Amino acid sequence: MTLDFVETTLEFEGQGRQTAQNIVGNVETSGWVTAEAAIKGFEAKYTDTDHHVKKIQASVDTPFQAPKNFTSGPLAWWVKGYLHIRDKNDDDKFKGWIKVQVIGVKE
């Protein structure tokens with residue numbers, strides 16, 4: 001078993017829970033049989049005035065796993081992330097990013 005390491009950054013902007021995703025590898029050329037993602041860092045900030053923060057959530061996932069005996073096709077490895085910053089009423093715009101370390105596993 002060997003490991004590949006790929007770093008990517010997901011960017012977010014909006015109101016409420018935001019979603020972003022990036023392609024991190026081609027199934028056909030990467031040779032990965034599975035992949036896992038870990039958060040290396042994140043930033044979230046309101047885009048207008050100063051607010052109290054009630055909750056910050058950041059999470060990532062690699063939602064694709066290659067089927068056994070997979071040999072070809074246009075499938076890609078994705079990393080998907082969620083970022084949410086809220087105050088008491090969750091109605092304010094924010095922006096931010098999550099830096100993600102993806103670990104691809106080859107057999």
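Let's start with histidine 84, which sits in strand β5. Strands here are DSSP runs of E with at least two residues, numbered from the N terminus. The model is a predicted one, where local features need pLDDT of at least 70 and side-chain atom pairs count only at pLDDT 80 or more, while totals for chains, interfaces and linings use all residues. Residues are numbered from 1 along each chain as its sequence is written, and side-chain values use heavy atoms, with hydrogens and water left out.

**The sheet around β5**

Strands of a sheet pair through backbone hydrogen bonds, either parallel or antiparallel. In this model, three strands make an open sheet with the order β2-β5-β4, and their pairing is antiparallel. Because β2 (18–26) and β4 (55–61) each have a single partner strand, they stand at the edges, and one side of each has no neighbour in the sheet. Two strands count as paired if DSSP finds at least two bridges between them. Between β2 and β5 (residues 76–86) there are eight bridges, in the antiparallel sense. One example of bridge partners is glycine 25 with tryptophan 77 in β5.

| Residue | Relative accessible area | Class |
|---|---|---|
| Histidine 84 | 10% | buried |
| Aspartate 90 | 23% | partly exposed |

The side chains of histidine 84 and aspartate 90 are joined by a polar contact of 3.0 Å. Such a contact is a pair of N or O atoms within 3.5 Å; within protein, one must be able to donate a hydrogen and the other to accept it, and residues adjacent in sequence count only if both atoms are side-chain atoms.

Leaving aside residues up to four places away in sequence, histidine 84 also touches others, including Lys55, Ile56 and Phe94, where contact means heavy atoms within 4.5 Å.

Aspartate 90 lies in the loop between β5 and β6 (93–106). Most residues other than glycine have a negative phi. Aspartate 90, however, has a positive phi of about 60°.

Key
Helix = DSSP H or I, 4+ residues; strand = E, 2+ residues; numbered from the N terminus. Buried < 20%, exposed > 50% of the residue type's maximum accessible area, 1.4 Å probe, protein only.
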